[in-house]
Structure formats: structure tokens, C-alpha cells
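Please open the structure in your viewer and keep the selection panel at hand. The tour below goes from one selection to the next and says what is to be found at each stop.

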Amino acid sequence: MAGRGRGMAAFTFRVENLGISRANMPEARRGPGQLFPILECKPVPLEPGPGDDYMLSLKQEIRDTMRQLPCYLKPNAAKSEVERYKDKYAKERIQIKDEEWTPDWNRLPKELMPKANLPRKKSALKKKPKKLTSQEKDSVLSKLSELEKTDNVNADEEKEENVSENKKKGDDDNDEDEKEEIEGEEFDEEEVEEENDYIASYFDNGDDFGAGSDDNMDEATY
Amino acid sequence: MTTQEVRLCGLLLQEHFGGVVEKVGTHLIRSGALTLRAIVQETNMSLDLVKKSLCVLVQHGMCVFGAGRRGPGWPVEYCVCVERVLYMLRYPRYIYTAKSLYGDTGELIVEEILQRGQMTMSCAVKTVADRLTQNMEDGCSMDYSEVVSAFSNLVETHFLQRCPLVAEQGSAPPPTTSTLETAPPPPAITCPPTPESNPDCYRLPQINLRGRGKRRRSSEDGEDQRGGKKPKLDNGQPVGDEDIYWQVNFARFHLHFRDQGIISAVACKLDQTSSEIVRTMLRMSEVTTQPSAAHTQPLSANEIFRALPPSYSIGRPILDQYLTLLVDDPMEFVGKSGDSGGGMYVVNLHRALANLARATLESVVQERFGSRSARIFRLLLRKRHLEQKQVEDFAMIPAKEAKDMLYTLLSENLVQLQEIPKTPDHAPSRTFYLYTVTQLPTARMLLQRCYKTVSNLIERRLFETKENKRHLEKSQRIEAILASLQTTGAEPTQLQEVEEMITAPERQQLEALRNHINKLDSSENQVDESIFLLESYIKSAGTTR
């Protein structure tokens, strides 16, 4: 015990003053304690209290139900390389579940709102005036044709035929153009949705959902 | 935030909201207030998921947001309240308390609100009525008005309260940061708006649900209705409380727990009758006493006598004797504050908590280190400061053993050492070494230990479940098959055949697993009781200073 002797010699006082004698010097501690120290005293059994069993079942029940609630977020499944048949149904099922929960956006910062809502809103805004214009166009066209008829009473019959033919063609063209436009718009939206994968988002606040046309578009995505 | 708290929060979030929220939550806890952008960048998660997680956290009141430190006009910052996350551990107790106070209806209301974070009254009432109806026999149904009355009872007794108003919102159209400038006083993230700041906090809204009392909800559409978050009636008529959300008032529940704790402690220490007296005193001063008050409002013996329920049949002289006994008790649950009116008595709430916490500490020392160490510990608690020699003498334990125990306690930080030098050179020979126990820091340390214990319990449970995943899945599948067979009316032999697909050893293993998990879960519940006691003691010690 050379080391200890040296240690003792280092003290400038009698160690006995502290109430420590050589005989009852406690053992020195070596290194940190064990990670799993041996329990000297066995833990006491649980104390049975009133309602313990009930709270136990409540606890397990909460755990299970929370897992099924929409606030239990699952990570976005990585898109697999191969498109599987079941994906469609899996996604549909998820969506049905997801629609259950829509937080009140008035109580949350606006920045948390998923962007999926924004383009859709815009498109809805855009579409409305378009539809109006198509109706207006019709009315304008019919008006024009009436005006033309009244104006061209004096004109040559040949000319009139030409004009009416042209007009008819123009009308058809117009219609087709419009259709194309609308389709193009829908297509755009689909692209946006697919890009962002926001279709599977359940933060859809349901406002513009269920309008009919939007529903159809959603189905077309898959 | 301590490591243990963060770890426990992570486990709780994981268990209740899944791994995604857990990641966002723990990151927020570790780094304090952060903006959305910062969270996305630092967690490397998709923006979409982070947004959803924040929504979940805010919905459950575990996350507060507001204009950041840099003032209004800057991006919104988010901050997780660790305390609130840890309350998740206590959910079963809240629900059980609601059940014991307000029956099944109250239980279901509290349960639904806890599970969803916040709910409108109409939505909660409807969901609860549907659930109750489903559990009833055919032909019976739950009246909405009954649920409404249970709900209003809960609100009147302040167990439920309105969610605080979101100040920063209001007229904020686009998600740009400039909207914050329009908000008058930006709530600093450190002090979120308290629910009590709202004068209507406990006022019930007028909802027109009364007209549509009974409605049968059989199993076929019950599933769809359960998640009904949209406050819409069948006929699309608005209910009238669309934007009034309710949450559980945890503080009120904690006051109730505290009172119950004091009452049951008195019942253990003295007897049932004295606990009833204390219960009466607490009930009388429930309304008049501030939640953070150190003691209740003084009550005269006459008042207490009049308020005692006649069924106890306690005579006036007996009451006086009991009160004297309570005042003389070393636990000091009841104190005497004056002599007028037959003696004025108070319940020492904070002192009771401190004494209960002390008893917890003592019992921990006793169970971990044996009764003789506990004797030393109690001795130090009573005598405050003692020298080593004195400890040996007073505790009447042989010097060597006493030293051993004392050093063990010292190394576990349950006992502190105070040096008092006689000379400025701190020479050991001329220094007093005084051993002492400081209750508050020791309680704090024990609280952290409790957090660690719960984390370990949860982790052990997860491990057990993972180990037996295959068996669990198999038994679930077979149960499903059995259920479907039973509905189709299969023969008993067939059923038995399916049942036998789980072999006897598997069945044994499943049984053992169930036992283990039950034990672990009950342990969690019981550790939480200690956590609650220590937390309220630490909080009360903070306010009395």
C-alpha cells in the first residue's frame, strides 16, 4: 500500500481528527459506477390503490385509440419505383381517414396551411369569370348575329352566307378553344398536385372540397 | 430542460402522435423557439410534414406560437411547453377523476377532449352521446341534453375551460410576415395568453342542440361519425359555437389531486373521521382560496361544524377534539390561525405538500438504502446540520457502518456536506464538516429520477412488445378470424379449430407478455403519482419564496 501511505503523508494534520482511523478507512472508489448496478434492495411491489385497474385499462385504451386518430402522423411513404396495384386503394383509404381532421385555421398561424389549398382557390376564382365569359360570349355572339342579320338585310345574299358560315366556324372554334383552355387548366392543377404530393394531405380544409368538380379531378389524379 | 425530460417527452410524443411529431417536438424542445423555416432546415424533413406536426402540437396545446424575440413583423416562432407534454403521462388519471366525479358522461367528455386536444362543445356533446348510445342496449339512446348538462357541470367547476384566444390572428389574410404588424400587442413567446385572461373563460355558449335530443346511432354509421370534427348538424344548420374551443383545465385537475392527496394522507395518518373534517374544510374554501395560496382561508370551528354533512354524526365537542388533534399533529396539515369564533383553522396546503414530499424522500431512502440509512436521513432532516461524530452518536449506529451509510448517501447526492472553516486557510483540521439534507434540491433530483424511471419503463415496454411482435400479430389475426366466423355463424368445432392455431406455449408467452405490460403500465401510473407530488411541492416552494 505504498500509494496510500504517500497519500496519508500528504495530509498536514492528523487524519484521526476527522474521525477516521486507519482501521475504518472506507474503501476508495474506483472508476464510475456500473451501468446496471446490482440492486441491494428489491423493489417493493406496486401499491394497489382504488381505480388502479381502471386507470391501467384507460392507459392502454388511450394508447390504442390515439394511434388511430388523425393526429397520429405517419411519415410519407417513400414513393416506390414500381407502381403497385394496391397503392391506389391504400391511398384512397388514407384519404378517407385523412379527411376526418381539419384544424380550425383561424387558430393557427397562416403559414401552416398546406399550399394545396391555395392553387385550388386560385383556380376556382379564375374559373368563375371564365364561365361567365363563356355565357357572355354566347349572348354576345347571338346578339352580334342578330345585329348582323339586321344589318346585312341590304347586302348581297352570297356575302351573307359567307359571313354566317364563317361565324358558325368561328363559333365552333371558340367553343373548342375554351374547352382546351379549361382542360389545360385542369391538367396544370393535376401536375401541381402530383408534384407536391399534396393530394394525400389531410389538411384540406374541406371548404372547396365536395363541390363536385374538384372531386372528379382528384380521382383523375390516380 | 434536462436530458431526462427531453427523453421522456420524446417517448410520449412518439407514443401518442407518431415518430414525425416526436422528431419535430424534441428538436423544438432542445433548441427552444424556432421559426418554421429553421425547423424544416434543421430537421431535414419535408415542409409538409413539419407543418402537420406543428398543427398537431398546437391543436393539443403543447406548442405555442407568436411573434419571435425580434418583435412583430418577423416570422412566427414556435415553442413547445415541456410541462404540457409531460401531462400526457397523467391522462388516465384525469379521465378517472372525471369519471369518479361526473360519471361515465364526464369521463367520455374529458377523454374525447384529451384525445383531440380541443373541441367545440357541440362536437364533444355529439361524439359523447353517440359513443354512449353505442354502448347502450338497442332501443335506448343518450339524450344530448344530459351530455350538455354534464359538460356544463364540468365547465362550472372549472375542469374545462375555453381555449385562449389567438391574439396574433384576427385580420391576417396572406401568410406573409407583414400580417403581424397589424396585431396590436404581439404575444411574446415566453408568455402565451393564459386562458384565464379571457373573461368568458368559463362561460358556456348558447348552442341550439337542445331541440334534437334523442337520436339512435347504430353501429353502421357510428364509425363515420366518430371523427366528426366539422361542427355541422345533419340539416346543415349552424350550431352556434363553431369558433369556441374547449380544453381541459389541467391546473384545476391538479388542485383536485392535491386536495385528494392531503385528504388521503390525513386518513392514513389519523383516521377516516379527521379526513372527512379536512375534506369539508377544503370543500368550503375551494372557491375562496387562490390556486397558489399557501393555506386556505381561515374557517371558524362553528362554520366547519355547520358545514359537516350530518351523516358523519360528529358532535361539536368531538369536532373540537379532532381539530386540536389535527393541529398538534407533526405533519401540520391543519393550522390554527386565531381564537375567534371557537378557533379559526386553516389547511396548510404548502406545508402539507412539503411534508408529503419529505415523506416520499424518506421512503425512497428507506427502500433503497435500508432503514438505518433512513434513520440517518431523518435525523439530518430534523437536526439540519450535524457533524459526522454527532450523526454516529444520535443515530446510535456503530461508527464504521454509520460512515459507510453516510458516504453512500453523500455520493448519491441525498446528503450534502457543508464546510465551515475556523481559519481562512480551510485547513481540514480546523474545519467543521457538517452534513445536511436540503429538501428542495433533493426533491428536484428525485423528480428527475422519476422521469428517468418512466422513460425506462416505456422503453422496456416497447422492447417487450417488439420482441413478441410476431406472437401479437398472430393472435390479433386469429381473433379477427374468430370474430368474423362468429358473425357468420360458424360451428363450434370450426371455432375451436381456429382457436387451436395458437399453440399452448405461444399462449403462455402471450399471457406472460400481457402480465409484463400490465405491470409496466401500472408502474408508470404509480410513478406519475410521485411525479405529481414532487412537481407540486417544487412549484409551491417556488411561490412561497
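Begin by selecting B:Arg131 and B:Glu111, which form a salt bridge whose closest N and O atoms are 3.6 Å apart; a salt bridge here is a side-chain nitrogen of Lys or Arg within 4 Å of a carboxyl oxygen of Asp or Glu. The pair links distant parts of the chain, 20 residues apart, with B:Arg131 in helix α6 (residues 121-135) of chain B and B:Glu111 in helix α5 (residues 91-116) of chain B. Helices (H or I, at least four residues) and strands (E, at least two) are DSSP runs, numbered from the N terminus. Over all chains, the structure holds 30 salt bridges.

Before going on, please note that this is a predicted model, in which local features need pLDDT of at least 70 and side-chain atom pairs count only at pLDDT 80 or more, while totals for chains, interfaces and linings use all residues. Residues are numbered from 1 along each chain as its sequence is written, chains are lettered from A and ligands numbered from 1 in the order in which they are written, and side-chain values use heavy atoms, with hydrogens and water left out.

Next, select strands β4, β6 and β5 of chain B, which form an open sheet of 3 strands in the order β4-β6-β5 with antiparallel pairing; two strands pair if DSSP finds at least two bridges between them. At the edges stand β4 (119-120) and β5 (160-162) of chain B, each with a single partner strand, so one side of each is left without a neighbour in the sheet. Strand β6 (residues 245-248) of chain B pairs with β4(B) in the antiparallel sense over 2 bridges, and B:Trp246 in β6(B) is the bridge partner of B:Met119.

Now move to residues 8-66 of chain B, which UniProt lists, in an unreviewed entry, as "domain: RNA polymerase III subunit RPC82-related helix-turn-helix"; such annotations may be inferred rather than shown by experiment. This span is 76% helix and 10% strand, and its end C-alpha atoms lie 26 Å apart.

Then select strands β1, β3 and β2 of chain B, an open sheet of 3 strands in the order β1-β3-β2 with antiparallel pairing. Its edge strands are β1 (34-35) and β2 (63-67) of chain B, each of which pairs on one side only. In β3(B), B:Glu77 is the bridge partner of B:Thr35.

Finally, show chain A together with chain B: 56 residues of chain A are in contact (heavy atoms within 4.5 Å) with 73 residues of chain B. Which side chains meet in a salt bridge here? Select A:Arg63 and B:Asp521, whose N to O distance is 3.0 Å; the count between the two chains is 2 salt bridges.
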